[in-house]
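Have a look at the sequence and the structure first, then read on.

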Amino acid sequence: MKKALTPLLKKSGSGYNLIMPYFVVEGKNVSRAIASMPGVYQLSVDRMVTEVARAKELGVPGVIIFGIPKAKDAEATGAYDDHGIVQRAVRAVKDKVKGILVITDVCLCEYTSHGHCGVVHCCQENGEMPKKFIRLKDTVALLAKTAVSHVKAGADIVAPSAMMKGQVKAIRQELDKAGFGQTPIMGYSAKFASAFYGPFRDAAESAPRFGDRRSYQLDPKVSTKALSEVAADIAEGADIVMVKPALAYLDIIRQVKDRFDMPLAAYNVSAEYSMVKAAAAKGWIDEKKIVLEKLNAIRRAGASIIISYHACDVMRWKREV
Ligand code: PBG
C-alpha cells in the first residue's frame, strides 16, 4: 500500500477493522433518534464529538461522517463549503479526539435539493427529466472540491460514494494539487442500486425527489460490471476499494478479493442493520450472535474493513466477555 493508512486500522484488535458511521446535523446538544434505525441518531457536532470519543475508548479504529446541511440547493453548495456541517464536524473531532481515523463520505445527495448524487440537467420542455439527467463533468468537479475541503478540515481518508465516472481520478488530481498527495481515497467502487439503503435515506434526508439512482449505481442482478468498476477505481488511484451493500453481495466481495490485491472494505448498510434490530426488539433472534455471525461472514468473504452501525455495540460486547 502506498499510503500510510494501516497503523490505525490494524491496531483495532476487533479483527474486523470496524468503522462507525455518524450523521451530523446543525444545532447544539441535538440527539435525534432515527425511527428506521434504532440506536442510531442525528447528532449535532458537540454530541458527535462525545460519541466519537466513546467509540475511541471502546477501541473502534475509525468513523465515517455524513452531513445533513441547514439548506439544500441545486448546486449542492453545502457539500464544499469550508464551514459546512461535515467540515466543522471533522475539525471538532480532530481537535478533541486523538487516535481515531476520520473518514468522510464524499457525495452530493445530502446537499442537493432533489436528492441526487450529482448536479442535474433541468427538465425537458414537457417537464420531464431526460434519461441521462446527471451533469457528469460539473458533478465530478464538485465532488473533487468537496473532497479537498474535507481534507483541509482534517479528514484522514475521503470516500467518494456518488458512483460518478472519473470521480476518483478527479479527486486524486485535486488532492495532489492542494498538497494532499498522501491522503488515501476509499472508493465506493462496487455500489449497487440497493433497496437496503432505505433507512439511511431517512437518516441522511437524502431520498431522491424524482427518479432513482439506477443510472449511476450498479444493477443488483448483474455481477460482471462490479469488477470493471473496481478496476477503474484502482486505475484512477483508489487506495481502498469497497463493495456495498455487504451481506447480499458476499459473492462480489469474494470476487474482488480474489481478483485484486487491494485493501477491501464492505459496507454493512442501513437495512442490514435495521432488520436485525427490528427482529431483536421482537425477541425473535439473539442479536449478539447474529451480528457477530454476519460480520464474520463479511470478513470470511474477504473484506478486511467493515463499515457497520453495529461497530460500537460489537466493541462493547467484546469488553463484556
Ligand atoms: C450516499 C450514500 C448512501 C449510502 C452511503 N452513502 C445512500 C445512497 O446511495 O442512496 C447508504 C448507506 C446505508 O444504507 O447505510 N450516496
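In helix α11 (residues 311-320), the buried residues are Ala 311, Cys 312, Asp 313, Val 314, Met 315 and Trp 317. Buried here means under 20% relative accessible area, with a 1.4 Å probe and protein chains only. Helices are DSSP runs of H or I with at least four residues, strands are runs of E with at least two, and both are numbered from the N terminus.

Those buried residues of α11 pack against β1 (18-25), α2 (45-58), α9 (270-281), α10 (287-301) and β10 (305-308).

## About the model

This is a predicted model, where local features need pLDDT of at least 70 and side-chain atom pairs count only at pLDDT 80 or more, while totals for chains, interfaces and linings use all residues. Residues are numbered from 1 along each chain as its sequence is written, and side-chain values use heavy atoms, with hydrogens and water left out.

## Aromatic pairs

The structure holds nine aromatic pairs; rings of Phe, Tyr and Trp (its six-membered ring) pair if their centres lie within 6.5 Å, and planes under 30 degrees apart count as stacked, over 60 as edge-to-face and the rest as tilted. Take Phe 192 and Tyr 249: their ring centres are 4.3 Å apart and the planes sit at 25 degrees, so this pair is stacked.

Phe 192 is in the loop between β7 (186-191) and α6 (198-204), and Tyr 249 is in the loop between β8 (240-244) and α8 (250-259), so the pair ties together parts 57 residues apart in sequence. Both Phe 192 and Tyr 249 are buried.

Methods. Buried means under 20% relative accessible area, exposed over 50%, partly exposed in between (1.4 Å probe, protein chains only). Contact means heavy atoms within 4.5 Å.
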